[in-house]
Amino acid sequence: MSLGDTGTRRYLLPLLLVCCWKVSISGFTDYDDYSSNGTDENQPMRHRGPSPCPRTIPAQMITENNSTFLRISKDSRGLLAGTLTVVVLPSFYTLIFLIGLPANALALWVLATRVEKLPSTIFLINLATADLLLCLLLPLKISYYFLGNHWPFGEAMCRFTTTAFYGNMYCSIILLACISMDRYLAVAHPFFARSFRSSAFAMGTCAVVWVVAVLFTLPLTLFRQSFPLYRTKQTLCHDALPWKDEVGYYYYYFIILVACGFLTPLLIMVFSCGVTLRVLLGSGEKYVLAAKLTAIMLISVVTFYSPSHILLLLHYSHSCENDGTVYVAYMASLALSTCNSCVDPFIYYYVSEEFRSNVKKRLFGHRKDSAVSGKTLKETLPSKNFHPS
């Protein structure tokens, strides 16, 4: 029977396609992501079957001489050694540190010692504390990036820094939601708010917020965060993790974190600020400043926190082969989120002329025996006698 026979040609083509498919499947399944043999740094990281795009730089785990290393592609190493990560990011963090540390420390000092402890004051003290703690973590990140993405401080400090960084960030977001809800109740429902709005209630709410923030970030302490880079003297902290952890454990963790730690507080802020703005703008020019500050607060949260969370959702929304390009953008968006720790003091504290006056008195030693009146933090908001129209 010749190959030109019509019946033979009918079955030959399907047979060849099946053979090719079998060969391709066999070659793909024989690939081992974590074998020490696949060390060609020019090849991108591959994985078995469709899976989410990893949030960090994808890496293969390699064990050699009883030591564990991570291997990343040559392109990924080039991105980590680029100007953005070793010059721009640490310089930006340095600027945030130089502005945010004194601004929040001074604000916390005045709030804790010179301002009447109203419910709104309690929330602001906790916000200043969270922002200050975030700023205190920045020198470690600055050193890490200036050293060329090298972490010399050990695994324990890497876990602590990573956990505390995310913890303080989400603590600030949730506290901002609490502040916006507190102002919404004071403005839109003043009589209802008086029945339970007290300093004790505010302190209890803040305690719950801190506990929730700790619980949000506690899972980061369960897995190793720092790994030496294969055939280098470089140790990465959280920037490259084994692929199996990224598409498994961290996939569900960060999706829940985005939903509960950002989207839910953001919805609360949008609702609270929207109603507050409507009430203030309908009450005459007297409360125009309060309306502007409310709008600025919402805009700052959306501007500084949304990019990092949008990138997280993009990472986990589809399958891809990633050399770390999107993660470098995520690193930049995390740096942008720290801007909020610099903006908060000027939105909530230094905007008040009386607060600025008391800062000067604290700095130059002109003190008064009595505490600052509640007007310091309430002068831009409606008074207790305010009745929304």
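A pocket here is an open set of points on a 1 Å grid over the protein atoms alone, with protein on both sides within 12 Å along at least five of seven lines, and lining residues have an atom within 4 Å of a point. Grid points are joined across faces, edges and corners, and the volume is the space filled by probe spheres set on them. The model is a predicted one, where local features need pLDDT of at least 70 and side-chain atom pairs count only at pLDDT 80 or more, while totals for chains, interfaces and linings use all residues. Residues are numbered from 1 along each chain as its sequence is written, and side-chain values use heavy atoms, with hydrogens and water left out.

Who lines this pocket? Among the residues are Leu 133, Phe 160, Asn 168, Cys 171 and Trp 210. At least two lining residues come from each of helix H4 (119–146), helix H5 (155–188) and helix H7 (199–217), and H5 has the largest share, with 6 residues. Helices (H or I, at least four residues) and strands (E, at least two) are DSSP runs, numbered from the N terminus. The lining splits into 8 nonpolar, 4 polar and no charged residues; Ala, Val, Leu, Ile, Met, Phe, Trp, Tyr, Cys and Pro count as nonpolar, Asp, Glu, Lys and Arg as charged, and the others, Gly among them, as polar.

Then there are the cavities, sets of points where a 1.4 Å probe fits but cannot get out. There are 3 cavities of 30 Å³ or more, and the largest cavity holds about 180 Å³ of space. It is lined by 15 residues, with Lys 141, Tyr 145, Cys 237, His 238 and Asp 239 the closest to its centre. H4, H5 and helix H11 (325–337) each give two or more residues to this lining, and H5 again gives the most, with 4 residues. By class, the lining of the largest cavity has 10 nonpolar, 3 polar and 2 charged residues.

Next comes the sheet, an open one of 3 strands in the order S2-S1-S5, with mixed pairing. Strand S2 (67–71) and strand S5 (240–242) are at the edges with a single partner strand each, so one side of each has no neighbour in the sheet. From one strand to the next, the twist averages 45°, using axes that are lines fitted to C-alpha atoms (for helices over the stretch in contact) and angles from 0 to 180 degrees between N-to-C directions. Strands count as paired if DSSP finds at least two bridges between them. S1 (residues 57–64) and S5 run parallel, joined by 3 bridges, and Ile 57 sits opposite Ala 240. S1 and S2 are antiparallel over 5 bridges, with Glu 64 opposite Ser 67 and Gln 60 opposite Arg 71. Their hairpin has 2 residues between the strands, and Asn 65 takes a positive phi near 55°.

Finally, helix H3 (residues 83–114) has 32 residues that should span 46 Å at 1.5 Å a residue, and its end C-alpha atoms are 45 Å apart, which agrees. The expected span is 1.5 Å times one less than the number of residues. H3 has a kink of about 25° at Leu 89, shortly before the proline Pro 90; the bend is the angle between axes fitted to the seven residues ending at a residue and the seven starting there.
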